[in-house]
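Open the structure in your viewer and keep the selection tool ready. Each stop below says what to select and what is there.

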Amino acid sequence: MEYVALIDCNNFYASCERVFNPSLNDKPVVVLSNNDGCIIARSIEAKKLGIQMGEPFFKCKNIIRRKKVKVFSSNYTLYADMSARVMNIIKDHFDNTEVYSIDEAFVSINSVSLDNLESQFYSLRKKIFKWTGIPVSIGISTTKTLSKLASRVAKKNSGVYILDNNINSVAILKQMPVGSVWGVGRRLQKKFLQKGISNAYQLSILDYKLARKLGNVNILRTVMELRGIKCIDIENSIANKKQITTSRAFSSSISKYVLLEEAVSVYVSRAAEKLRSQNSKCNIITVALSTNRFLKASGPSFFVNSFSFDSSTDSTSLLIKSGVSLLKSIYKPGLAYKKAHVFLSGIEKAENKQYSFLDDIASIRRSDRLMSTIDRVNSLYGRDSLKYANTGISRDWLMKREKKSPNYTTNWGEILTIKL
């Protein structure tokens with residue numbers, strides 16, 4: 001019998017902070033979004049205090065101060081590295097693994113005994129915690145959609161739960177709100193509630209034609225998966241992105257052109273790194289600026305321009321040059337900009353690049369070697385060990401992260417020190 005398991009890291013960002021700071025165990029912990037704006041992760045203790053996901057930080061300050069909640073700015077470098085460690089352990093155990101998100105992975109496994117299957121995943125859960133310090137919950141069933149629901153049950157129980165086709169599974173589905181079903185968004189949830197479909201079980205017995213009419217083919221697949229009919233396969237390989245976006249809000253609004261040029265150059269560099277990491281090149285670069293949408297007096301403004309290359313490229317040098325040129329064309333003096341955006345599109349595989357008679361092949365080869373060298377150095381010694389002068393030094397415009405923890409696993413200068 002083929003089963004699908006969802007391995008889900010519990011309260012992942014908060015758990016990462018606890019790995020290197022055991023004093024946080026059993027204490028309420030929250031992690032903030034970019035610029036320390038909203039709550040994006042909560043420990044179980046913080047959830048019990050009533051702190052809501054997505055709630056603005058300033059609205060929670062009173063309860064955070066009263067209950068002595070530990071607050072951290074988002075440390076994406078640490079979280080990404082911890083995620084990679086967890087996923088590598090999972091991949092060592094299962095050939096058929098899909099890394100679904102930074103804290104979730106689907107795996108496919110064949111087993112003739114549910115007892116052996118449960119024992120195997122309990123051992124995996126124990127190993128992940130021992131090797132990384134990250135607690136996980138594992139939901140197991142016959143389809144991806146059911147394994148998602150099983151993982152919700154696992155979080156509230158012993159950490160591993162098998163949702164099999166039996167009487168208990170019907171009871172579980174009846175307890176699950178329809179909005180908690182994978183693939184059902186807010187808009188569809190409202191539509192289902194209007195039709196009297198309030199839980200996962202009612203959705204599972206929905207007529208196929210009505211399901212297609214109420215939603216789309218994806219909802220039809222969801223209904224079938226809730227019935228135990230596998231419709232969504234495990235995807236081993238990660239598909240290349242068709243558009244790469246780098247966009248961040250500044251710590252405070254920026255009017256000076258020189259600072260905007262720094263920001264756009266940094267964002268272009270990041271986008272170019274992502275482009276090369278998937279062995280691709282792009283044909284189009286787009287740069288945009290936006291003002292603060294919450295300013296009632298002037299209202300939001302959005303300025304954008306694009307440039308198409310004669311021949312696709314992954315060169316940070318060429319992309320920064322084009323990005324800065326686009327910035328000059330859209331910059332309006334006197335305005336205060338809150339956010340910059342860089343988009344790379346027209347993406348193709350590097351091996352599919354079409355050359356023209358005007359291309360300087362020797363120059364392109366030198367650029368490829370330079371980009372490869374920069375990427376290797378930055379991978380070995382840390383991001384921005386080698387960087388372009390346009391990207392600046394102090395970068396005072398960077399997003400606010402006043403409560404960020406050290407990069408314990410990726411920065412030699414911030415590695416954890418233990419004194420005996």
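**Stop 1: helix 1**

Select residues 12-19, helix 1, in this predicted model. The helix is mostly covered, with 7 of its 8 residues buried. Color the buried ones: Phe 12, Tyr 13, Ala 14, Ser 15, Cys 16, Glu 17 and Arg 18. What lies over them? The cover includes strand 1 (2-9), strand 2 (29-32), strand 3 (39-42) and strand 4 (70-73). Helix 2 (44-48) and helix 4 (76-93) are also part of that cover.

**Stop 2: the main core**

Now select Ile 7, Ile 90, Phe 121 and Ile 140. These residues have the most contacts inside the largest nonpolar core, which has 32 residues. Strand 1, helix 1, helix 4, strand 6 (104-110), helix 5 (114-132), strand 7 (136-141) and strand 8 (160-162) each give two or more residues to this core. Helix 4 gives the most, with 7 residues.

Center on Ile 7. Beyond its neighbours within four places in sequence, its contacts include Ile 90, Val 107, Phe 121, Leu 124, Ile 128 and Ile 138. Asp 103, Glu 104 and Ser 137 are also among the contacts of Ile 7.

A second, separate core has 29 residues. Select Cys 282, Ile 285, Val 324 and Trp 397 to find it.

**Stop 3: a helix pair**

Select helix 6 (residues 144-156) and helix 11 (residues 217-226). They pack at an angle of about 65 degrees, their axes 7 Å apart. Helix 6 is therefore roughly perpendicular to helix 11. Show side chains: Lys 144, Thr 145, Leu 146 and Leu 149 in helix 6 meet Thr 222, Glu 225 and Leu 226 in helix 11. By class, this contact has 3 nonpolar, 2 polar and 2 charged residues.

Terms used: Residues numbered from 1 in each chain as written. Predicted model: local features only at pLDDT ≥ 70, side-chain atom pairs only at ≥ 80, totals over all residues. Heavy atoms only, no water. Buried < 20%, exposed > 50% of the residue type's maximum accessible area, 1.4 Å probe, protein only. Helix = DSSP H or I, 4+ residues; strand = E, 2+ residues; numbered from the N terminus. Contact = heavy atoms within 4.5 Å. Axes fitted to C-alpha atoms, helices over the stretch in contact; angles between N-to-C directions. Parallel < 35°, antiparallel > 145°, perpendicular 65-115°, else oblique. Nonpolar A, V, L, I, M, F, W, Y, C, P; charged D, E, K, R; others polar. Core = buried A, V, L, I, M, F, W, Y, C linked by side-chain atoms within 4.5 Å.
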